Each structure stands twice: as C-alpha cells, then as structure tokens.
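Let's take a walk through a protein together. Have the picture open while you read, and look up each spot as we get to it.

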Amino acid sequence: MENVKYLILGAGPAGLSFAHRLKEKGEDSFLLLEKENEAGGLCRSVMVDESPFDVGGGHFLDVKRPKVTEFLFRFMEREEWNLFTRDSRIAVGGAVVGHPMEANIWQFGIEEQIAYLSSIARAGCNSGRKMPDKFTDWIVWKLGEKIAEDYMLPYNQKMFGEDLDMLGTYWLEKLPDVSFEETLRSCLMREPYGTQPGHARFYYPKHYGYGEVWLRMAQALAPRVCYGADIKEIDFDTRRVCTKSGEHFQGDKIITTIPWMEFEEIKGMPRELVSAVRKLRTSAVETRYRGENLDTPAQWIYLPDPQIPCHRILVRHNFFKGSRGYWTETRLERVEMFPAQDEHYRYVNPYAYPVNTVDKPEIMKHLLAFGETRKVYGLGRWGEHCHYNSDVVVERAMDLAEKIG
C-alpha cells in the first residue's frame, strides 16, 4: 500500500490545480488517482471530424479571474488561446434573442415586448411581494410570469426533470432582480442593459480542445498520476481508499474531487451522514456531434422548447476556426427522443451536473465539516457538489492548497 502526504482523488481541473500548487510550494509527497485513462475530467477533449469535441459539453476559460488565467498560461501560453466576446442566444417563441433574456427583450416584436414588460412590472421582486420558498414560485417572483413560463421553467425541466420544486432557490439568489426600468430602457434604446452573464469574455485554444491544458498539467506531474484507479471504498478513520481492482492507497490528507456517490462503501462516517450522502442527486448528460454548420454567429444557444430533446447546442465553428458542425447537450432521460438512426458521435457523462436539491446545502455543510475533522477535504464541482465552472474550480484548488498545504 502506497502512503503519501496528500492523496488526491481525481485528475480533473480541481485535482491537477491543487497538485501543482503543492509542487510549486516544494511538496512532492502526493499522488493523484484517476479513474479514466487520461486527465481532464469533464473538461476532456477528443478529435471528431478533424476538430476537437469537448466530451463534457461547453467548457471555456473565463477571463474574470486573472490569477487563474495566469496560472493556466504557465502550462499553455496565452498565445495558444483565442479570446472571444460571448455571443449566446435563446431560441424561444419562434425567435432567437440574446442572452440574458431580460436584457434582450427589445429583439422581439413590439407586442411581445409589451407582454414581457407588463409581466416584469408585476414580478414580485418589483412589486414588493414576499420572496417565496418554492423553486417554481421563486422563478416567477424573480423574473415575471412570462419569462418564467417561456424560458426558465421549461429549460430547467429539461435540465433537471419535471419536479422543479425539489430544487432549492439558494443557487439562484446571485441572479440580479429583473429591473423594469433597465428592461424598458433596453427596449427604447434597442441595446442590452443590466448585468453581463458569466463568460462575457472567454478564452478557447487555437489548435486544441479545452482538454489540452489539463493534459499538459498532468504530463508535468508524471509519474505522480495513477490512471485506471477506479475508487470503490474510502475510510475516514485510516484515510485509506481501495480501488475496484483491489489496490490500496493511504494519505495523511485526502483531497477528493470525485462524485461522492462513486464510493460504494464509506467507512468511519456516522451512519446518518452516510445516508444523507446517498441522497445527493446528479444529472447525467449526453453530448452528441452534428456535422452540419448552423447559420448563426452565436457560440451557444439555449433551447427551452420541450419538444426539442437537447437543452443546449454549442456551435463549434464559431469558437474553433476552421472546424464545422455543432454539438448538443441532452439530459440522459430525454435522449430517447432522438431518431434511432442517428449514428453521430456521442458521449455520455454519468456525472455532468450536481443537482441543487432543497436539502443539499445542509448535507454538504455537515459532510465537509466532518471530513475536515478527519483530514478529508472535498474540492471542486464534485467534491463540494456545487456547479462551479472550471475557473472557479482552479481558484478554489489554489486557495485550498494555501490553506492546508
């Protein structure tokens, strides 16, 4: 059994970034265990139709965290990336308008603009009504009935299932209130007003998929990355893990970046907390390549229409020069709506998104606190069971390495 100071579960953005910060601090007693045969996690890429395809869906490097971009540019220089201004859109009601929807209502016809403006004026956040607790009521309160019914409710049902009231509202509270005044101004001036969405400007590699930077990070850590290590069991008392092939590893500290439901057996944890961990929910997503080009300048398009199987498309030829085609993202339960004869490249991510259920914050609060008492730390999208983008994950990994490294 191998024993190291830092045992890192998962060689995705979180695990790789944490390991590199340890290395930069002079630490060399660490080991990364990765289930797949290459690094990158949800940000891995493959070549499809002579261009990269990101198997985890659309992943881009946001510019708003300079310390993250500078850190990643050490492995893949800035000159190897293209910088884009985000063009994302929503297909709704026969129109395709800019995202976010409330800032681009002016792109609809005049009658639709009036209907949306009237609905926003009546929204609870603008009319002084008390904020509700249930997800569906909260969306209406926050955005107005028409945006909720035309976009947000059907889109989230496609993402997470029909029962939206299983979701909490805590993860949406960062959304700004939809201002009637700003929306009216944008309609009169015919330009967007209000808060910019995430990835307003982003980097994407010039010659590779997004997975390239993580491959280079893993190569720089060899031989401290062990591939094909499918974790089966974790023991919080001894800080040992066991793989499905029977290998055992031990760390003075364990940093886990993998989904908690991957552990078939959890030892050394109170029974009630193990039961709570089993209640965490995830969403599986299929990504699928389509070879035809789309007549749009958008890089990605949201599709709330319930009659369309996928919830989002990524228009590859608009962020990777010289490529063609696009790829779709579809919740796995909806995949059967695709025609049976469709033989395009597809990839299924069993763990694509953590589902923000009502009870998740309390579960994770107790889980992460208990883990720290045993020197087991949850990190990143899966270790913290939170829908972080890759730049956030890298930042949190760097911060955790400073805290416990």
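## A starting question

Is Glu 372 buried, partly exposed or exposed? Its relative accessible area is 39%, so Glu 372 is partly exposed. That number falls between the two cut-offs, since buried means under 20% and exposed means over 50%. Keep in mind as you go that this is a predicted model.

Glu 372 also has a partner: it makes a salt bridge with Lys 403, and the closest N and O atoms sit 3.6 Å apart. Glu 372 belongs to helix α10 and Lys 403 to helix α12 (residues 390-404), so this pair links distant parts of the chain, 31 residues apart. Lys 403 has 57% relative accessibility, so Lys 403 counts as exposed.

How many salt bridges does the structure hold? There are 26.

One of them joins Glu 233 to Lys 267, with 3.3 Å between the closest N and O atoms. Because Glu 233 is in strand β11 and Lys 267 in strand β14 (residues 265-267), the pair ties together parts that are 34 residues apart in sequence. Glu 233 is buried at 17% relative accessible area, while Lys 267 is partly exposed at 32%.

Another one runs between Lys 244 and Asp 230, where the closest N and O atoms are 3.6 Å apart. Here both partners lie in loops: Lys 244 between β12 and β13 (248-256), Asp 230 between β10 and β11, so the pair ties together parts 14 residues apart in sequence. With 48% relative accessibility, Lys 244 counts as partly exposed, whereas Asp 230, at 17%, counts as buried. Some salt bridges join up, too: Arg 21, Glu 24, Lys 25, Arg 74 and Glu 402 are linked in a network.

## A negative patch

Asp 133, Asp 137, Asp 163 and Asp 165 form a negative surface patch. You'll find Asp 165 in the loop between α6 (145-160) and α7 (180-189), and its 30% relative accessibility makes it partly exposed.

Which residues does a cis peptide bond join in the loop regions? Pro 100 sits in the loop between β8 (95-98) and α3 (110-122). A cis peptide bond also joins Ala 222 and Pro 223, with omega at about 10 degrees, and Pro 223 is in the loop between α8 (211-221) and β10 (225-227).

Next, have a look at phi. Arg 239 isn't a glycine, yet its phi is positive, at about 55 degrees. It lies in the loop between β11 (231-235) and β12 (240-243) and counts as partly exposed at 21% relative accessibility. Lys 375 has a positive phi near 60 degrees, again in a residue other than glycine. Look for Lys 375 in the loop between α10 (360-373) and β20 (376-378); at 40% relative accessibility, Lys 375 counts as partly exposed.

## A buried serine

Last stop: Ser 283, in strand β15 (residues 282-290). Why does Ser 283 count as buried? Because its relative accessibility is 4%, and buried means under 20%. Leaving out residues up to four places away in sequence, Ser 283 touches several others, including Met 159, Arg 331, Asn 349 and Tyr 353.

Note on methods
Residues numbered from 1 in each chain as written. Predicted model: local features only at pLDDT ≥ 70, side-chain atom pairs only at ≥ 80, totals over all residues. Heavy atoms only, no water. Patch = residues over 30% accessible without salt bridge, like charges linked within 9 Å, V, L, I, M, F, W, Y side chains within 5 Å. Areas by Shrake-Rupley, 256 points an atom, 1.4 Å probe, with all protein chains shown as cover. Salt bridge = Lys/Arg side-chain N within 4 Å of Asp/Glu carboxyl O. Lys, Arg positive; Asp, Glu negative; His and termini not counted. Charge placed at Lys NZ, Arg CZ, Asp CG, Glu CD. Helix = DSSP H or I, 4+ residues; strand = E, 2+ residues; numbered from the N terminus. Buried < 20%, exposed > 50% of the residue type's maximum accessible area, 1.4 Å probe, protein only. Contact = heavy atoms within 4.5 Å.
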